[in-house]
Amino acid sequence: MSADAKSRNDELVGKLRADLTGFTVDAVNDLLGPVAQAALGREQSLPARLAVAQHLASPSQEPLAALVAVFVLGLEVPAGRLARAVPRTGVAGLSELGLLAAAGPDPADPVRALVDLRPYATVDALGPADWWLASDLSEVATGRPLSEDHVLGVGGASLTLARCTVRRPTGRVLDLGTGCGIQALHAARHSKHVVATDVSARALQLAGLNWALNAPTIGTTTIEGRLGSLLEPVTGQEFDQVVSNPPFVITPRSTPAAAFEYRDGGMVGDDLVRHLVESVGSVLAPGGIAQFLGNWEGRADEGWTDRVSSWLTASGLDGWVVQREWQDPAEYAETWIRDSGQHLGKDADDLYAAWLADFASRGVEGVGFGLITLRRPERESGAPLRIVEERRTGPGLPWGDEVLATLERHDWLAAHDDEALLAATVRVAPDVTEERHHRPGAEDPSVILLRQGGGAGRVVQAGTALTGFVGASSGDIPVGRLIGALASLLEVDVAALQTELLSDVRNLVRDGLLEPAE
């Protein structure tokens, strides 16, 4: 882009930013109402179309209604109506930015959006931010299946990853597979420089528009877009943080109809996620953290926990994998056929069959979805962190602050061998409660549960000795002395009780039910 073209583009983006000031999440929700909003979440646009038609007739609501009609619902409206919503940019300016198909000269001529443009609201460590994000129109707006180079907007996976990402002041961040650029925007608010990569030139084009449109909210941080696949554009470089919503969808290679740039990485089965786990350490600086979403297979000859654990071992990094969802092969195929709008096409059954055949060829019994967190330790310090768990209920995937706290607790434990742990002091976390369950008429409880109110919401079944230890952990008595007192009270051997309890104490500290008092 020439200097003159860039100057003109920057001028138009600035005008558009000013025109969109009232185009907020709250304003759109108020305009549509809860019923229409809920229907859109179910991919039903009729209630929203009816609401917008009503508000277009109101002079005070017409500008907002026109923006929603054109850029959220994909409807055509007269050029004059949209022009009143963007007086600085104008309809011609929207066309110049690539957001709108060229309109005729008559204000009554209909105009049509080329992209989806909608508000997005977030709150992070720096406070609230209201953004606008451009992506490609969904099948709900167009009424047809998506194109292979479709650029996805903010969906459930994007929001999940944003919530789970560690937010701390840092230097360089890599957003791998940036799509519309949402994760790069989030990262820019707590880092000095963001490199955002994608295999799609169109994705980088729309992401660049989004970064420019929302530039005032990211201060002096620079975001640099690079074209290329996976880690290729950053080979030989190091980052303090890597975040990615990669194209992890497991897609049959037998049919090109299943391939979409935003979700299909071109590898067999779950090899793309495996490759990321095993290779991302090559771009992580010491202490660097990588977090990404993924799918993984559970096979007849290898369960998902064994499969993912082998990836962590190959990575050599600290690793924490949380599985949130599990789908059988048919349910998985249905989900992604519907996601792309291909259920609207005549070849949907053939695509469905290809997916099932692909899974059957590898003995796949189900597919998991969840979050992978990896860290390159700053120094070698004993066994790496290994957590591979399932959370189908409760709080679900860990939020960023929980991830960071868990890593910090792991470092504390790594610095304390058994002798040091016995000399240390710990206390019960303030959100931990105890539940006792008795058989009717029984004096002693048959089950004692330690329940975590925050964090992961873990529930640990504890025996008499562990319950007594936790109950006495006030932070002022060393672990070894507590165990000695318990051994005397229970009339058991001290060394044997140490052997029994130290592993449990480590797990409770790692998971946050006990915390170091030092």
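Which residues does R226 touch, not counting residues up to four places away in sequence? The legends below begin with this residue.

The model is predicted: local features need pLDDT of at least 70, side-chain atom pairs count only at pLDDT 80 or more, and totals for chains, interfaces and linings use all residues. Residues are numbered from 1 along each chain as its sequence is written, and side-chain values use heavy atoms, with hydrogens and water left out.

View 1. Strands are DSSP runs of E with at least two residues, numbered from the N terminus. R226 has a relative accessible area of 17% and is therefore buried (under 20%, 1.4 Å probe, protein chains only). Beyond four places in sequence, R226 touches V195, A196, T197, D198, L204, P233, V234 and Q237 (heavy atoms within 4.5 Å). The side chains of R226 and Q237 form a polar contact (3.5 Å); such a contact is a pair of N or O atoms within 3.5 Å, where, within protein, one must be able to donate a hydrogen and the other to accept it, and residues adjacent in sequence count only if both atoms are side-chain atoms. L176 lies 50 residues from R226 along the chain, and their C-alpha atoms are separated by 9.7 Å.

**View 2. R458 in the loop between β15 (447-452) and β16 (459-461).** R458 is buried, at 16% relative accessibility. Its side chain makes a polar contact with the side chain of D511 (3.5 Å). Not counting residues up to four places away in sequence, the residues touched by R458 include W320, E389, R391 and L513.

Conventions:
Buried means under 20% relative accessible area, exposed over 50%, partly exposed in between (1.4 Å probe, protein chains only). Helices (H or I, at least four residues) and strands (E, at least two) are DSSP runs, numbered from the N terminus.
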